[in-house]
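Here are some friendly notes to read alongside your model. Please keep the structure open while you go through the points.

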Amino acid sequence: MNRFQQVYAILTSLLLISGCASTARFPDNPPLVVAKPIETTYSTDSTIVLMTLSGGGNRASAFAYGVMEALHQTPLTTLPNAASLLDKVDIISAVSGGSIIAAYYGLYGEQLFKTFRNDFIEKNVRDEIRQRLLSLDNLSRLSSTTFGSGDILDEYFREKLFGEHTLSELFDNQGPVVIINATDLFKGSRFGFTPELFSLICSDSDHFPVARAVAASSAVPLIFTPIVLNNRAGSCGYPIPEWVQIGLTEKHTNPRRYRLAKTWNRYLNQPAHPYIHLLDGGLADNLGLRAMVDQIVIHDGLNDAKQRKVVEQAKRIVLIEIDAAARLPSEWEKSPDHPPQSVILDAASTTPLSNYNFETKAYLHSQMGPWLKENGAGPCQDKTRCQPELYIIEINLEESPGQIDGEPLSTIPTDFNLPKQAAQRLIDAGQQQLLNHPEFKRLLKDIYAEQVGFK
């Protein structure tokens, strides 16, 4: 526990002891009175681009900004005013620090490159939030057992970044679909802020603030309290998804889908789970990849005609993974002394997460090819292949040669503040890694060759 956390805990404890505990309560998620059918829009473009953004505070946002800026500066044709490769991105799945820039781009589009650096990346957000937490008015509210520092983070994001824009705006076909991911604390599973899951818990995504979803995704444990949602499953007439019903029967034949279906089914047992406590999305998946993995798990072996048509029509599918995960500093490995508890806690959480990240990547990469082949069966458009070309572009901060104060960029702490000059170096690192990636070069070569009739 750092000094700020100690002071904060002492002050809120004094308020409780003195009998001044507040009755403040977290803002409610609006109920969905009558569930509407979920209309899924499938891309009919020849190139489908999927992008995932990892967690890592301002470090992750800056690194992702560099990659997105490079995509924005890459035209798809030589014609004037041509669309960029960033315009082709269909889905962005993001967690924690990555969710902040993903939501910003999902709401404001190209304005990202005019205002986001000043609005977030280069701002000392940490100290601004700290001042809010220590203000007398907020200390009183924070003494409540139903209002916490996570709600203050939500208020900050509303005032400074997202206003009252709602979750449905990230799914309105005006840009890429943006999936913000948090972690359900007591289920240990990914919670995606999607229309499907909101319909399942009978909550209205048309009136749920984007800022609150991003706060949940960014709520680092022990610093921020969970974002709490009311679960009203069963009150709006939403039918149980077919894949959940099938998955619950597949404990031995399809254990991955069974486990996912079991998690969704727990929400349907509303009396036993009336509240949902959400924290940092990185606790369940620090890469944002689980949303993609879950789609493969859900549709494995199911006859989804619309999805099959998308795969049949696509000529290429591109997966861009932006991983800004932190690297543990090595100075303690040079000493026989016992490291402090804070260092032990950091290592104990970072190392397993790194191993889990590796396994998630390996599973997704191994399954995408077979899944595309299965769903792409049918007449071959050009009589040479029946499935799209697959491009997997991994952008990893740990592989960047850039440094700050003599240390790798990946050792920059996960925080809402960056050291001087770090922002530009992180942005440059993201740009260069994308532009130099062999799969990215192959993608551009194939796209441009197709335009002049060579492919």
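1. Let's begin with contacts across the sequence. In the protein chain, residues 24 or more positions apart account for 80% of the contacts with a separation of 6 or more; contact here means heavy atoms within 4.5 Å. This is a predicted model, in which local features need pLDDT of at least 70 and side-chain atom pairs count only at pLDDT 80 or more, while totals for chains, interfaces and linings use all residues. Residues are numbered from 1 along each chain as its sequence is written, and side-chain values use heavy atoms, with hydrogens and water left out.

2. On the overall make-up, the protein chain has 16 helices and 10 strands. These are DSSP runs numbered from the N terminus (helices: H or I, at least four residues; strands: E, at least two). Of the 455 residues, 50% count as buried, that is, under 20% relative accessible area with a 1.4 Å probe, protein chains only.

3. Do take a look at methionine 51, which sits in strand S1 (residues 47–53). Methionine 51 counts as buried because its relative accessibility is 0%. Leaving aside residues up to four places away in sequence, methionine 51 touches Met68, Leu71, Leu86, Val89, Ile91, Ile92, Ser93, Met292, Ile320 and Ile322. One of these, isoleucine 91, is 40 residues away in sequence, with a C-alpha to C-alpha distance of 6.2 Å from methionine 51.

4. Next comes helix H3 (residues 96–108), whose 13 residues should span 18 Å at 1.5 Å a residue; the end C-alpha atoms are 19 Å apart, which agrees. The expected span is 1.5 Å times one less than the number of residues. H3 is mostly covered, with 12 of its 13 residues buried; among them are Ile100, Ile101, Tyr104, Tyr105 and Leu107. Just after H3, glycine 109 adopts a positive phi of about 60 degrees.

5. Finally, a helix pair. The axes of H7 (residues 149–162) and H9 (residues 210–218) come within 8 Å and cross at roughly 130 degrees, so H7 is oblique to H9. Oblique covers the angles left over once those under 35 degrees (roughly parallel), over 145 (roughly antiparallel) and 65 to 115 (roughly perpendicular) are set aside. Axes are lines fitted to C-alpha atoms, for helices over the stretch in contact, and angles run from 0 to 180 degrees between N-to-C directions.

6. Which residues of H7 and H9 make the contact? H7 brings Gly150, Asp151, Leu153, Asp154, Phe157, Arg158 and Phe162, and H9 brings Val210, Ala211, Arg212, Val214, Ala215 and Ser218.
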